[in-house]
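Work through the exercises below with the sequence and the model in view. Each task is followed by a solution in steps.

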Amino acid sequence: METFKIEGGVPLKGEITPQGAKNEALQILCAVLLTPEKVTINNIPDIIDVNKLITLLKNLGVKIEKVGKGSYTFQSDEVNMAYLESEAFKKEGSSLRGSIMIVGPLLARFGKGYIPKPGGDKIGRRRLDTHFEGFISLGASFRYNKEDHFYGVEADKLQGTAMLLDEASVTGTANIVMAAVLAEGKTSIYNAACEPYLQQLCKMLNSMGAKISGVGSNLLEIEGVASLGGCTHTILPDMIEIGSWIGLAAMTRSEITIKNVSWENLGVIPGTFRKLGITLEKRGDDIFIPAHTDGYEIQNYIDGSILTISDAPWPGFTPDLLSIVLVVATQARGSVLIHQKMFESRLFFVDKLIDMGAKIILCDPHRAVVIGHDFKSQLKATTMSSPDIRAGISLLIAALSAKGVSKIQNIEQIHRGYENIEERLKALGAVIETE
């Protein structure tokens, strides 16, 4: 198990370009199964989770060719459906949560889709009911093998319908949309997720010949078509990585420019960091963060009460950045309540920050109060283990700001979501190495 060794307290400087969005890539890659024609996808991030899905598609019979850095062509004209019932698929599919999104395209095009119970981060319950209830509404029959933890849906032909999702699940909405585009008739999905990455999926499907309206809203209307064609699609920059680099700049009091961020797709993210007192400048499509040599101060509400930052479905604040906000707040002037509504285990890394000297009160599994140090007391170096992708990058940011040499174990978790992170941080002047 590899370990990062980090010398903290070193100011950073320079430019960094965000990778392609992981969460968009996982949806877009599954969509290539909807057509026998060639699909070209650009700006695919070179990270463990995405590469696992590419391998799974290849094993399913998709013809894949790398045509440049981050650019691939995919052709699903000879899909091997028998692979879905193999032991190899049960093992590979269970190791990647994003694999659930192959079910919708396969069900729509081939009349059946199977998946083992997916894995992923241990951040709390992440149920799949929304996915399968959507498929059932479209006319699919559902079965579940409890012994093998194996899910299946089958249908001779999907039929469009109106549905109200019980939660605005991003992957659930994506899966249902990919099934509905080839269903007979019209499908209406109310309480649909409307994240930029879901919008990107819908735009890609429309360019393939789908008829989806309401893109960007929580009511999607889909007129089914008989078949889809090929297309070329470019993945957005990763908003979670952009937020991570904002937090890194503030915590290390570094002058950093984040290049080509797609400002129009960042939503409330810049404003949320500004509430923590962080200065962000829009320079074209870049974000410039000056060195916060005088620190940064958390804004209270107008009535003077303590600021609360919580997650919510888009256009609310993404849950994937709450751990970054929490770490950044440890060195702010003032206090903030962090409320993680969606996942009950995502704040359980705060004990490691407390060991580093942070002042954090964990109220319950969903809420933590952070009392900032205002840089009057540096975090101290320690040895810790990364529990999941987002907590891992947050601990890495903490270590880069801390006094002394820290070690972070289980860094495969970080590599699952961040491309070439050691080299990119070194280019900014970070003192980091892999052991």
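The model is predicted, so local features need pLDDT of at least 70 and side-chain atom pairs count only at pLDDT 80 or more, while totals for chains, interfaces and linings use all residues. Residues are numbered from 1 along each chain as its sequence is written, and side-chain values use heavy atoms, with hydrogens and water left out.

**Exercise 1.** Describe how helices α1 and α6 pack.

Step 1. Two packed helices are described by the angle between their axes and the distance between the axes. Axes are lines fitted to C-alpha atoms, for helices over the stretch in contact, and angles run from 0 to 180 degrees between N-to-C directions. Helices are DSSP runs (H or I, at least four residues) and strands likewise (E, at least two), numbered from the N terminus.

Step 2. α1 covers residues 22-31 and α6 residues 170-180; their angle is about 15° and their axes are 11 Å apart.

Step 3. Angles under 35 degrees count as roughly parallel, and α1 and α6 are therefore roughly parallel to each other.

Step 4. On the α1 side Q27, C30 and A31 make contact (heavy atoms within 4.5 Å) with V170, A174 and M178 of α6. Sorted by class, this contact of α1 with α6 has 5 nonpolar, 1 polar and no charged residues.

**Exercise 2.** Find how many residues of α1 are buried.

Step 1. Buried means under 20% relative accessible area, exposed over 50%, and partly exposed in between (1.4 Å probe, protein chains only).

Step 2. In α1, 9 of its 10 residues are buried. Among them are K22, E24 and L29.

**Exercise 3.** Classify the ring pairs F132 with F142 and Y144 with Y151.

Step 1. Rings of Phe, Tyr and Trp (its six-membered ring) pair if their centres lie within 6.5 Å; planes under 30 degrees apart count as stacked, over 60 as edge-to-face and the rest as tilted. The count by this rule is 11 aromatic pairs.

Step 2. For F132 and F142 the centres are 5.0 Å apart and the planes at 50°, so the pair is tilted. F132 lies in helix α5 (residues 129-137) and F142 in strand β7 (residues 141-145), 10 residues apart.

Step 3. F132 is buried at 5% relative accessible area, whereas F142 is partly exposed at 37%.

Step 4. Y144 and Y151 are stacked, at 4.6 Å centre to centre and 20° between the planes. Y144 is partly exposed at 32%, and Y151 is buried at 13%.

Step 5. One aromatic cluster is formed by F132, F135, F142, Y144 and Y151.

Terms used: Parallel < 35°, antiparallel > 145°, perpendicular 65-115°, else oblique. Nonpolar A, V, L, I, M, F, W, Y, C, P; charged D, E, K, R; others polar.
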